[in-house]
Amino acid sequence: MSDVELHRLLLAPLETHGAQTLQQQLFQRIKQAILTGKLAPGTRLAATRQLALDLNVSRNTVMAVWSQLQAEGFIISDRQGSRIGNMALQAADKEPYASSEITLSPRIAELRSSHRTFSQEMALRPGVPSLAHFPLAQWRRALNRVMLHQPQQLLGYGDPLGERTLREALAQHLALARGVRCTPEQIVITEGAQQALTLCVALLSSPGDIGWIEEPGYRGAKAAMRLGDMQIEPVNVDSQGLAANPQDWQQRRPRLIYTTPTHQYPTGAIMSAPRRLALLAAARENQTWIIEDDYDSDFRYSGEPIAAMQGMMQPTPVIYVGSFSKTLFPALRLGFMVLPPQLLAPLRPALHELLRGGNRPEQQALALFLRSGDFSRHLSKMRRLYRQRQATLRQALQQTLGAKVAIQGGECGMHLVLSLPDDQNDMALVDRLIHSGYAPGALSGFYLGENKQQGLVLGYGNTSTSQITAGVAQLARLLRGG
């Protein structure tokens, strides 16, 4: 750069009323000139006194800039003055990390293949509760009580396994509502159920171990196993849930099994008691751990609640996993896992290294929410709402698509599965529905193998009655070729 160009660069007027101070403007100007190569290594800079006069700023401003540039290694100052330091600069004509040159892990490539981008609150999206009906006033009251009585104590790191008060309240709730047999010491609070699944894989498996997942099944479980470099084996689901046979145990014995026995996701099948007991017995015999994801069975609409598989056998080979994403709201990001007693001692040191005990005010507030009865009252209200919305969705499907339309599920949860003919492309149909403002899931996307059924997973939790009616009407138009 010539002396004239250097002079113009350094002495361009500074904004006296800009968003940045004069010091910040001058610092960024020189820093960017160095990074872009306009000021080459070894270039001598003007004396601070002269530059201050030329820019009409105080010398202290220039000296502060020089001090910061020197601290960050951009310039070197000695008795002869200041000069640009030696550094490797990026070639201006080459774009680094071009997308065509980036190599991703095969695990990430597999995860990207099923990704869909859309608003998290679109109608008919499965897995989202009714956000408009969440009792904000009661939740705010619980948070305020926590922060009023112990604000400073909750700002530091907590117990890596979670707040004691929440684990005590949760153990009591799970025993009464889900038949889970545990002490507070067995509960580990996580950032949602997905972190619990990832921890199970990381702590209980080695790369190359076999993991069973339901077919069709929850994509989050597959993602956790892929990230753990497990060999994923799909096991078919029928009307009684996961249908493993003796040959499966002999030919592909698993280290981990992921299952949703109380309300299979996405089909809605309920695992029968004989099949549960057989699975538990086989797991104990083969030194296999079962991950029981009880993701939404608090919402059951007929008969008594079905108890968790975890409580059927002691000592149990089951890690029981759940969260509050569907019973409260997804952004809370609080989940949990209940470890078998025999895993506590070997896993505790690793959990203390991996977890940091965060979200302490929210955990304490949730403990109050559980103990006050607000949680149970909210669940009762949501059961009534979701039962009504499911009936509306079922009626709209039958009236619009025909009385014999094939629908799976309905005894529990916040979604129904609409089966489609094999000649329909459910992925393409979902893309068109998303363009229209609706976001159901494509049933084929929940399969790992080649034998995929076509269908739609229709969520009604966060979808109003009018949205349900309009969404089904739009679906019917698309199926007719409109």
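I call a residue buried when its relative accessible area is under 20%, exposed when it is over 50%, and partly exposed in between (1.4 Å probe, protein chains only). My helices (H or I, at least four residues) and strands (E, at least two) are DSSP runs, numbered from the N terminus. This is a predicted model, where local features need pLDDT of at least 70, side-chain atom pairs count only at pLDDT 80 or more, and totals for chains, interfaces and linings use all residues. Residues are numbered from 1 along each chain as its sequence is written, and side-chain values use heavy atoms, with hydrogens and water left out.

**Entry one: helix H4**

I looked up which residues of H4 are buried, and found Thr61, Val62, Val65, Trp66 and Leu69. They sit on the same side of H4 because they cover an arc of only 135° around the axis (the arc is taken from the directions from the helix axis to the C-beta atoms). On the other side of H4, I found Asn60 and Ala71 exposed. The buried residues of H4 pack against helices H2 and H3 and strands S1 and S2; contact here means heavy atoms within 4.5 Å. Just after H4, I noted Gly73 with a positive phi of about 85°.

**Entry two: strand S14**

Next I turned to S14 (residues 455–459), where five of its five residues are buried. Gly455, Val457 and Gly459 lie on one side, and Leu456 and Leu458 on the other. I count two strands as paired if DSSP finds at least two bridges between them. Strand S12 runs antiparallel to S14, joined by five bridges, and Leu416 has Leu458 as its bridge partner. Strand S13 also pairs with S14 in the antiparallel sense, over two bridges, with Gly441 partnered by Val457.
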